[in-house]
Amino acid sequence: MTARRCSSNMQTVCGRFAPTPSGRMHLGNILCAMLSWLSVRAAGGRYLLRIEDLDAMRCPRTLADQIEDDLQWFGIDWDDGGSAGGEPWYQSNRFDLYGRYLEKLERKGLLYPCFCSRAELHAAQAPHRSDGTYVYAGTCRNLTPEQVAQKRRQRPPAVRVRVPDRQICLIDGCQGAYAQNLAEDCGDFILRRSDGVYGYQLAVVVDDAEMGVTEVVRGRDLLESTPRQIYLYEQLGLRAPAFYHIPLLTAPDGRRLSKRDGDLDLGVLRGRFGRPEPIIGMLAAAVGLRPTAQPVTLQELAAGFSWEQISKEDAVLPMGILQEAKTG
């Protein structure tokens with residue numbers, strides 16, 4: 001079973017919001033939904049809602065339903081997907097599809113089993129980038145068939161994809177030019193975990209291609225994963241969408257908002273403001289869409305929306321809203 005595609009007409013913009021229902025959405029999540037929706041509606045395109053619940057144990061359906069309720073309260077609608085679209089719009093129901101694409105990569109000789117434990121992956125001798133990010137050393141890349149058979153008796157393997165030693169470049173619609181050498185910056189990466197759960201990198205590529213998505217809007221923190229996805233698009237013979245990596249929202253001390261901290265989640269915001277327009281105005285001002293934080297509707301913003309207005313730099317939220325949220 002597959003989800004319905006956007007129109008194949010190359011002039012039709014097709015965007016999506018693809019949240020992971022592991023907690024209540026916070027202000028950064030709703031900013032991503034807002035900008036992706038504005039971009040599509042300004043272009044007269046089609047907007048999709050996909051639920052990225054690959055790890056179903058961490059992503060109960062009740063939280064996915066809460067996301068839909070929060071989006072509707074905020075004024076964001078979608079043309080297909082979510083609970084109204086049925087099972088194909090939840091990644092946890094698409095493992096058979098991911099498996100077929102994994103087999104395509106297997107036939108090209110790009111995959112191999114990896115038996116490394118978490119402790120081994122983060123051992124002191126493992127290579128890291130200058131920013132401390134772990135880079136896979138290729139420990140299991142050249143195991144013999146006999147070694148693989150022996151290790152399989154001890155533990156099930158993950159599946160990694162071999163990456164090239166070359167630059168993969170893109171022009172991001174918000175951040176500009178970006179390049180990465182996968183061999184140096186991440187190493188061979190996992191496409192399926194040892195417990196059978198498919199990796200985000202494969203699932204997001206397959207889903208966006210299958211659903212006809214032409215533009216992807218997400219946080220700047222995900223920019224560095226994009227060359228991996230472009231590589232998979234290339235190897236699978238799929239057309240990559242345009243990418244827009246938006247600024248992150250931070251507290252005045254530079255701390256990023258996160259679900260883990262419960263910063264300004266939609267429950268707090270709905271209770272405090274009662275209506276979405278003040279939140280929309282604050283977000284619009286934070287990223288450069290409006291000169292002031294006056295209340296505004298999504299429809300008013302869509303009428304004059306342009307990516308040229310969006311700042312590349314992270315947006316600092318006023319201390320007042322953070323303090324009021326904690327005491328409200």
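## Basis

In this predicted model, local features need pLDDT of at least 70 and side-chain atom pairs count only at pLDDT 80 or more, while totals for chains, interfaces and linings use all residues. Residues are numbered from 1 along each chain as its sequence is written, and side-chain values use heavy atoms, with hydrogens and water left out.

## Leu269

Leu269 is part of helix H10, residues 266-273 (helices are DSSP runs of H or I of at least four residues, strands are runs of E of at least two, both numbered from the N terminus). Its relative accessibility is 1%, so Leu269 counts as buried (under 20% relative accessible area, with a 1.4 Å probe and protein chains only).

Beyond four places in sequence, Leu269 touches Leu27, Leu264, Gly274 and Ile279 (contact means heavy atoms within 4.5 Å). His26 is 243 residues away from Leu269 in sequence, yet their C-alpha atoms are 8.8 Å apart.

## Nonpolar cores

The largest nonpolar core holds 48 residues, and Leu27, Met34, Leu35, Leu71 and Phe74 have the most contacts inside it (a core is a set of buried Ala, Val, Leu, Ile, Met, Phe, Trp, Tyr and Cys residues joined through side-chain atoms within 4.5 Å). Elements that each supply at least two residues of this core include helix H1 (27-42), strand S10 (242-246) and H10. H1 gives the most, with 10 residues.

## Strand S10

Of the 5 residues of S10, 4 are buried, so this strand is largely enclosed by the rest of the structure. S10 runs parallel to strand S9 (residues 215-219), joined by 5 bridges (strands pair if DSSP finds at least two bridges between them). Glu215 stands opposite Ala242 in S10.

Conventions: Buried < 20%, exposed > 50% of the residue type's maximum accessible area, 1.4 Å probe, protein only.
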